[in-house]
Amino acid sequence: MSAVLLIAVPLLAAFISILNKKLAPVLLLLVSLFNIVSIFFYSLGTITIGGFEAPYGISLVLDNYSLIGLIVINIAFFLVLLISYEKVKKVATVLLVALAGLNGLLLTGDLFNLFVFIEVSGIAAYLISTTNKKYVATFNYLVIGTVGSSFYLLGLIILYAMVGTLNMSDMALRISSEGISAANLSLPFLFMFIGLGVEAKLLPFNSWVKGILGNSNKLVGPMIASVYAGTISLVFGRILTSVFVVSDRLGLILTVILLVGIVAGETMAFASTKLREILLYSSIAQASLVIILFLEGITGWAVMMVIANVISKLVLFAIASYTSDELKTDEVDNLKGIFSKNKIIGVAFTIASLSVSGLPLFMGFVVKMNVLTSIFDGEDYLLAAVILLTSIVEGVYFVRVLIKLWYNKEDAKTINYNFVIKYIVSVLAVLLIVFGTYTTVLNDQVETVNEVFEIGGNE
Amino acid sequence: MNFASIEMILMITLASGVLAYLIGKLNAKLGSIVTILVSMYVTIAVIYFGYNGELVITTEYLPLVTFKVTNIGLFFASTVTFVFAMVSFFNPFFIDKYKFKALYSMLYIFSLVGILGVFFTDNFMTLFVFFEFTVWSSMFLIPMGKSTKSTTLYFAMSTIGSFALLYAIFLMRSQSGSFDIDQGLAMVSGAKATWTYILLSVAAFAKLGAFPLHLWLPKVLGDAPDPVTAVFSGGLEKLGAFVAVMGLVRLAPVSFNIGAIDMDFARYVIAFIGSITIIIGTLMAIRQDDAKKLLAYSSMSNGGYIIVALTIGNGIAISGALYHVLAHAIASAAAFLAIAAVARKTNTTKMSELGGMIHNMPITYMVYLIAIISMAGIPPMGGFISKWMIFQAVINKGLPIIAIGVFFGSIGSFLYVFRPLAALFLGQQLPEYKHLKEAPFFMVLPMIILSGLIIYTGVLPNYILGKINEIVVDLGATAVTITEYTITGFNGTIHPALISGMFGVGVFVAFLIFITFKKSKKVTLMDTYTAGEFIYTEELLHYSVDFYAPLERLYEKYIHIMEKTYDSIRNKIAEVGHFFKYYFFTNKPEVSVFWIVIIVSLLLWGESLW
């Protein structure tokens, strides 16, 4: 079997699903499950499509980096489907396309192909977001997303004119062999950075996030904030580590922009009073942080941070969106005490948010500590200080939310969470604890990821 | 399985935390009884194995965690676990008041686990993990009390401390190449040493509740459940003292020496802040009406004593500081427990709402009396010994400005510690509390044990001082000269047992006078003379209201300065957030496009940069 099936099967199923609307959601679940199972049977390597050897044909790269990404994203995708099954019915075909697009993003070894998948998954995301029934927000998303991908395309065209190839590894080779300076690469790189930045929620390209995630239902919330965000971060990681060499000065400028993004994200979350808004601003900060780590070359732990974010954002957004679907409000003050009646949900939410704020016993802590160790090894004291200071702000607003959601003076509102979401969030919460205490797994995975990019790991 | 191994004790404790939760789910009271058993077990194991030198530090099951038994770690661990054990006796009596009963028992035990890990490790990373673990497990205990408001404040201040500690840890690692505590502290130098010093001080200040990071202490101690208050003041706060020893004593001097007093400038600054802490704590304690808040501010000022003594850093000063850690831990635990015993019956800790509790709870009264005598530094209690040593050190070093703070705090403490005594226990009995009885035996027992220990530390301090001398030698200072009954300071020798004997004689004479002379006449609270008018606001006539009004008037304008500062910091952060929201997150896509274009054109314009 070839990894191309991960893309081809969902696409084929998408076409079939148009024929029978009733069968579509079932087909979606089956395909998603098939993807998860099949990942474990593929062998690592580069797959050339249609027998055209790289750099002439399109190639898919299945290495340990994309493998980890595929496993995490496909499982997360499946779990989101389970949580929001009744919403899924209307957009099953779109979700199949989205699945194909996301897998494509992770697998592709070709920059133009990447653009195609950005468009495919992007259009799917616009359509998924229509289930929020906030059409203006979706329209904004559409406009900004399109502007973003045009920038990506523009950058790519310039790059092609300079280097004459679209294949990632070939491009990296030619860049070094033809001695193209990092300075000359700055312009196309910057355009592509902006293009991807729109999808990755980087400030200031991310104003769509508020409309989409701030009104998200239980499908859109976890799908965009966890699955899509994780995928785009990994794509970013691949481009930053294996294609481009960022010049010091450009790297500095980008780091500053991203640091502003972190500060902005955390302070905005601090200033917000709505649950989903707090979470979405917090995830803006997280996204910026991950990209900084990729820029700094802390690839292995950046990947782990992406995974930790995928897990915890899935839990947080699933619960937040589900709650606001039920209560039609997500003002934290109106939700006081809801967890005291839904302890399982509450504990999962608590664990996920403590993990995001980096408290021990949870996965976020292990990742944060190792990231900080690497940053200090690089003697980047200012970056470390900013990360720590913003973490204080982050912890404060999370604790504030937690206390409000657990304690109440009057009677709390009752919500019936169905058993699916209860099971899923508690399994994920347990997973956060497992990775937070049994750290050998993480260290091994970091080693494997770093080997892919031949980075001397942190031994 | 080796039961004397720290790893084993830690894992058993952790497991029984989960067990306490499960049992607590079935029966809340049983769950809280588990907390007693576990904390007793930990205390006995630590003290017995520890002082027999039998604690095993090898690890079999916990990877990456390394342990080490040091004299100072053992001293802190036995003090704090002992406080935990004593306080745990109160848990079953209070468990019904909490919203999440089973969780309370679990988190109580988890905080104990964190404490153990911090004190018994030689590795900074392990220390930090357990430090943070303590923070979050104790954090969730707070909102179960009166109010949930102070929880976030506690988390914020604690995290400032933790992250300062973390940053310092990484700075030391960058020079020593490992997370080893001894190496890290020894090898850090230059500018990094200065930063490490500052950051460690911040961490210690945040945990001890010293100025300017003190704000959480009165709020948390006022709001938290009553037993938790005792644990915070007697136990968790002492984590700060532990960090302070690392930063203030074990780190080599980091700035220039002030010739006149032969003291490092940086240390002098910290000592100065320590004495400000004493003064602010004292002044604020004087104005409190809530007995718990009063004691909280007194904890703050006692933290100041520890800081001042540690900065001086000679043998007497360090012993004084460490002895003060012990003396204050048991005295404040006893005082808070006594208040808790009253509050359990009356549901209030406001002094103006209480009175005459001595008639209902004579033993609790005695416990409180002994505790505050110790806190005020009067013989024959433990607090006297430690304060005497600290005074000796300050005077000998020739630090007049610092000494003003130190003496002011000591005199000020007379003003405030006796107020709860007078308002709460003495005076007329309120009619609504007439039927109340003494606390049950299992609440009285730990209080009596603590009182006994307070007296023991005051009368015969020499055994414990001997142990502290070992720590002092470890820290590189000269041991204090002690014989079986005497302690020699810089300007003389004291004889605590003799002082206590004289004190005893005095008490005996007073007692003789008391029983031979005429008994006082009992009047009710309503006997107040009001010139024939009907009293509408009789609580304002309670004599504890505005007790020190003339003194308070001198500084009442300034008491909210710190609170306002932190409020404005919070508002500033939120303002920055609103700013970003306003400029970047509009509902208009053209604004985003505008920003993209701006960034691109700016970068293109600066193309020549690269």
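Trainee: What should I keep in mind about the model and its numbering?

Mentor: This is a predicted model, in which local features need pLDDT of at least 70 and side-chain atom pairs count only at pLDDT 80 or more, whereas totals for chains, interfaces and linings use all residues. Residues are numbered from 1 along each chain as its sequence is written, chains are lettered from A and ligands numbered from 1 in the order in which they are written, and side-chain values use heavy atoms, with hydrogens and water left out.

Trainee: OK, how many helices and strands are in chain B?

Mentor: Chain B has 24 helices and five strands, where helices (H or I, at least four residues) and strands (E, at least two) are DSSP runs numbered from the N terminus. Its radius of gyration is 26 Å, close to the 25 Å that the globule rule gives for 610 residues, so chain B is as compact as a globular protein of that length. That radius is taken over C-alpha atoms, and the rule is 2.2 Å times the number of residues to the power 0.38.

Trainee: And how much of chain B is buried?

Mentor: Of its 610 residues, 59% count as buried, meaning under 20% relative accessible area, with exposed set at over 50% and partly exposed in between (1.4 Å probe, protein chains only). Of the contacts in chain B with a separation of 6 or more, 79% are between residues 24 or more positions apart, a contact being heavy atoms within 4.5 Å.

Trainee: Switching to the core, which residues touch the most other members?

Mentor: In the largest nonpolar core, which has 408 residues, they are L95(A) and L111(A). Helix α15 (residues 315-346) of chain B gives the most to this core, with 21 residues. Such a core is a set of buried Ala, Val, Leu, Ile, Met, Phe, Trp, Tyr and Cys residues joined through side-chain atoms within 4.5 Å.

Trainee: What is L111(A) in contact with?

Mentor: Leaving aside neighbours within four places in sequence, the contacts of L111(A) include Y152(A), L156(A), M192(A) and I239(A).

Trainee: What about Y416(B), buried or exposed?

Mentor: Y416(B) counts as buried, at 2% relative accessibility, and its place is in helix α18 (residues 400-425) of chain B. Not counting residues up to four places away in sequence, Y416(B) touches T282(B), A285(B), I286(B), L294(B), S298(B) and S301(B).

Trainee: And S233(A), where is that one?

Mentor: S233(A) is in helix α11 (residues 220-243) of chain A, and at 8% relative accessibility S233(A) also counts as buried. With residues up to four places away in sequence set aside, S233(A) touches V290(A), F294(A) and V306(A).
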